[in-house]
Amino acid sequence: MCRFLRYCFSHCLHAAMTRLDEVNGEVSMWSSVRWLGYLSGVNLMLALFLGLYARWEKSAEPTLLVIFVLALFVLGVASVLYYHFSMERLSLSLLHLCFGFLLGLLCFLNSSALESDVKEQVTNYLLLASVALRTLWALLKRLLGSTRYRPAFLTSAERMELAGFVIASTVLLTQKFLSVMVLVVALATVMVALRMKALLALPNLVCFAVVTAVLFFKSLNITTNPFALSCFFSQLICDPLLDVYFSGLSVTERWQPFLVWRGLWRRLSLFPLLMVEVTFIILAGRKLTDLDQWYLMIPGFVVCALLWVICHIVFVITVWGFHTKLSDCQRLCLSQGPEFSGLHKVMASKGMRHFCLISERIMLLTLVSTVAVAALCWQASSSIFVSMFLLVVPLESLFQGLFHELGNSLGGTCVGYALVIPTNYCSPDGQPMLLPPDQVQMLNMRSTGMLNNVQRFFAHHLIDTFGCDYSTSGVTLEALQTKIKSFLELRTSDGPRHDTYVIFYSGHTYRSGEWALAGGDTLRLDQILEWWREKNGGFCSRLILVLDCDNSLPWVKEVMKVEGVHVAVQGATRLTDIQLKDPPQLGDFTSQWVEYNCNANSHIQWSERGRAVVASYGISKHWSDYTLHLPTGSDVTSHWSMYFPRMTYPVVQLALWCGGLNLLWLCSVCLRCLKRVKLNWFPPAILDTGQGFKLVRS
């Protein structure tokens, strides 16, 4: 007994002390992290003013003294705005602009006389300490979860520091100033690529760092302070680089600043991009003035430049087409109402995934042509060429990353057809039996509500509707065959087949699951599968049957034995042998399933015990092998003939060749086998279809 009391007392005491430590730890830890950020800023400020004073002391230049005094004045004004007028945004903008400007001065106003100066050495150590503290502060903020991620290409602080560095570069000659300005824009583009998690963002960062450190400042023929330069780049790269791992924003959230632009502004943004591209090819052409080995240089440049021009014509047309399709999606979003925020659903329903997958190949070719021209016409002594190369490559990588991310994240296209046949008889023994008139009226009301729920489901998930048929007199097999075959032949506006075909049925069925049709005809599952194989052919589309009828379980079990196609059946059973005040009726499953898939705040639990409506689904053996439709050779060719001139047709073969490379085929085969075993042997209770709705079982 004493041991038990001692255990209880010690356990309670330990729990109380642990909670107290957690509370104190949270406060002290967050306070420590916040003061770490303040210490980093103070450290940087001391380094900047000490470095500027050291340069004035060595050169006795009155301009530096004026800048020193003005910097102190700006610091005072920023403090007053922050603490007395609560203008935090303006004061922080002034502060970061000043930091960027002073870092630029320390970088460019460097001389050999400062190497042995004690103040300069202390400045360098302070700069390194500031970088270390800043990096540690940013890392701890993310580890503690106190960072708020917002969709933005660049923060205001980053823009101000970049602008301040450009202003400081005006101390150089005009040509060198232009080169530094282009380099700063290139750095901003690399930061945007990192924050957007573009596919080639990290290789771009490595390329930028290596080329800048080894070649760029050497081509400027100036002596820079490597500590100030490293501090500037580290301050700016730290947050975007950490966000590559820590940011939890989705693709459409990260790209939101670009995707929500009005169509006019997005199209106007093409003109600066074209100016950059044209400037790059003109600077590359300056290599022809070097007549050494002209017999190799001129033909090589002509071939590379011709490929570059064709690829970039295709690039401009592709981006213009993307803007057109995006504008259509924006208009559809606005038509849904101001509260509608499903741009990604609209983009998926409009076939943007297929467009982006083909455009990704085009952008890869464009990037390869740019690198080929740069390698052939490399000018290590030209700072403007080096900086322009560092700008063009991240810009094109950004578009390649955009198309890659959207192509891999957007859902496929989906089309649906619904058939509701309210039956006026039941057949517990296989024989028709007329129902009372009041039950007939109730059944018709339930069937109408069921049809409304299906239409809500199609509209919510932006599923193209082939039709929602309602027939009280029944449907003949011939008419239904014609209707379903026409439905299974549907294609998207861009040409390829839809990724998913959904058929909803509610009506009379026999015990074997066959649909009871007019005239005594029946429709079996193998007939639908035969039509599906006939229409789907070699395409990788899938068929989903949603059944709300009395005998759906036989088809759920039968579809599990099907091979070679991607088919799923969602059904349900109404338990009528349990004592309930309101027994389940036809249409209850549809109502609950649609509510579950259309309302994110739904409290429906399919796994709870004692449910009156028990859901069940079955999938074919190869369902796990399904992937969203990838562009085939014919898709790329039809896409090309729809959007591009005939002169660009040779690029089609290159796009096909690049898209056909699969270097990790062995890993994909192993992964496919594991997924097939998992779904066939251990099917999950909730199966996500990737179209925004789920298949469920109880």
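**A helix crossing**

Reply: H18 crosses H19 in a right-handed sense. The model is predicted. H18 covers residues 477–488, and H19 covers residues 525–536. Their axes come within 10 Å and cross at roughly 35°. On the H18 side, the contact is made by Leu 477, Gln 481, Ile 484, Lys 485 and Leu 488. H19 brings Gln 527, Trp 531, Trp 532, Glu 534 and Lys 535 to the contact. By type, five of the contact residues are nonpolar, two are polar and three are charged.

H6 runs over residues 174–195, 22 residues in total. From first C-alpha to last, H6 reaches 32 Å. That is close to the 32 Å expected at 1.5 Å a residue. H6 is mostly covered, with 16 of its 22 residues buried. Lys 197 follows H6 and has a positive phi, near 55°.

Now the cysteines. The structure holds zero disulfides. A disulfide needs two cysteine sulfur atoms within 2.5 Å. The closest cysteine sulfur to that of Cys 333 is in Cys 329, 7.3 Å away, so it is too far for a bond. Cys 333 is buried, at a relative accessible area of 10%. Cys 356 is in no disulfide either. Its nearest cysteine sulfur, that of Cys 329, is 9.6 Å away. Cys 356 is buried too, with a relative accessible area of 0%.

Notes: Residues numbered from 1 in each chain as written. Predicted model: local features only at pLDDT ≥ 70, side-chain atom pairs only at ≥ 80, totals over all residues. Heavy atoms only, no water. Axes fitted to C-alpha atoms, helices over the stretch in contact; angles between N-to-C directions. Helix = DSSP H or I, 4+ residues; strand = E, 2+ residues; numbered from the N terminus. Left-handed = near helix turned anticlockwise from the far one by under 90°. Contact = heavy atoms within 4.5 Å. Nonpolar A, V, L, I, M, F, W, Y, C, P; charged D, E, K, R; others polar. Expected span 1.5 Å × (residues − 1). Buried < 20%, exposed > 50% of the residue type's maximum accessible area, 1.4 Å probe, protein only.
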